[in-house]
Each structure stands twice: as C-alpha cells, then as structure tokens.
Amino acid sequence: MADRFFLAAHAGGHRITPRVDGALVSLGCAAGLLAELILEEEIAVTPSVRPSGRGRCPDFLSWAILREIREEPGHDLRTWLDYLGQAATEKVRARLVIIDVLREVPVSAGWRGGAASAWRFADPGVASPEAVLELLFTSADTATGNGMITVPERIAEITFALLARETGVIRNVRLPKNVARQGDFRMKSWQKRIPGPLRNLIAEVAAARGQSAITPRH
C-alpha cells in the first residue's frame, strides 16, 4: 500500500520528483504503512491503535512498525500518522530500492559541492499511476450482497486511491476527464463500503491535511 502510494506520488524517469508537497507524501506513506498492518489484521483501531495479530508481517519494515506499536499501545491514529510521517517517505523509498523498483542516481550538489542523491525507476516498464488508476476506476466492482467490499486486493486498491485523493495526488495525475469523473463518483461510494478501521484512517488523513493547510508556518 505504501509502495503504491509512493510511486503514484512521484513522477519522472531519470530522476523522480514528488507530485505534491513533501509533507503530503510523508502523510500518505505513513497512512499506507498503517493500512498494510490493518489489512494484514496485525493491528486494530478501537479507536486507539493496538496490536491484534501474530506478528507475521510480510517484510521487515512492516514488522519494525508493528514492534513500535506493540511497545507503545494506546495511541490514536493521528498520533501514529504524525510519528511515522517523520521518516515514512525515506523508509518506503528504501524498501523500494531493496526490491529493485527504484535505483539511486548520484548527482552533483551544485555550488555547495559534494554529492547528493536522486532516484529513478529501475524498470522503465513499471505500470504508471495513470494506468493503475484508470483500470481501477473503470473495472467492475466486487462487493457482497450488502454492498460491502470484501476482496482483500480490491480493498487495498481502493484504499490506495482514497489516500491518493486525500493527499492531492490524484489531482496531479493526468486522467481522461470521463475517467476522473467516474473515479470521483466511485470513490465517494467506496469510502462507505470498506472496513471501518480503513475508513477511520482515511478520515484522519483528510483531517491531518486540512489542519496542515491552516496551520501558520513560522
């Protein structure tokens, strides 16, 4: 989830650049990391965040975050979003480098001297966020008789799209107008039909973004 968001939140080829402000990228990556643990049923939101699974995380980054939650149970979603957001972008980027989705590109630091780093896609054929979102917005829904979406992969795709919407990423992805309209309509419907913990997470991301937009910068 966090990987999908990171890739959608960046554009470029030889050197990727964020589509939105860095604080929004961090917020989305932090939310994506929490969403991964919710989907794996390793944490519950009651409304505080607490461990609930057996610690069978799919990778080390997920395990490291779960370990922190186990050591500090009882904090709410907003607290964890703020805390994880301090380093979420760098950690997700490092995970993408490890699995060879991104590669580091040494670059000049300019007049300051020394070396800096940038990143590029390791595979130029990686699916673009435009293609991923267009497929999601135009494919058939998967729901139970009561309208709830229950297929895990579909829930993950929808949560990713909602995170991209709440952080402003979707507005910076070029989609055909009819696809964008259909996506907007579907996302409003989907938000009511995903599991409660993920709905709460999306709401907290929206609130955090709204708060940052009106907080004076000193």
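Modeller: A crossing is left-handed if the near helix is turned anticlockwise from the far one by less than a right angle, and right-handed if clockwise. H3 passes H4 in a right-handed crossing. This is a predicted model, where local features need pLDDT of at least 70, side-chain atom pairs count only at pLDDT 80 or more, and totals for chains, interfaces and linings use all residues. Residues are numbered from 1 along each chain as its sequence is written, and side-chain values use heavy atoms, with hydrogens and water left out.

Biologist: What makes H3 oblique to H4?

Modeller: Helix H3 (residues 60-71) and helix H4 (residues 77-84) pack at an angle of about 130°, their axes 13 Å apart. Under 35 degrees is roughly parallel, over 145 roughly antiparallel, 65 to 115 roughly perpendicular, and the rest oblique. Therefore H3 is oblique to H4.

Biologist: Which residues of H3 and H4 meet?

Modeller: Ile-65, Glu-68 and Ile-69 in H3 meet Trp-80, Tyr-83 and Leu-84 in H4. Contact means heavy atoms within 4.5 Å.

Biologist: Why is Arg-19 called buried?

Modeller: Buried means under 20% relative accessible area (exposed is over 50%, partly exposed in between; 1.4 Å probe, protein chains only). Arg-19 has 18%, so Arg-19 is buried. Arg-19 lies in the loop between strand S2 (17-18) and H2. Among the residues that Arg-19 touches are Pro-129, Glu-130 and Val-169.

Biologist: Why is H2 called largely enclosed by the rest of the structure?

Modeller: Of the 18 residues of H2, 15 are buried, so H2 is largely enclosed.

Key
Helix = DSSP H or I, 4+ residues; strand = E, 2+ residues; numbered from the N terminus. Axes fitted to C-alpha atoms, helices over the stretch in contact; angles between N-to-C directions. Lists of a residue's contacts leave out its neighbours within four places in sequence.
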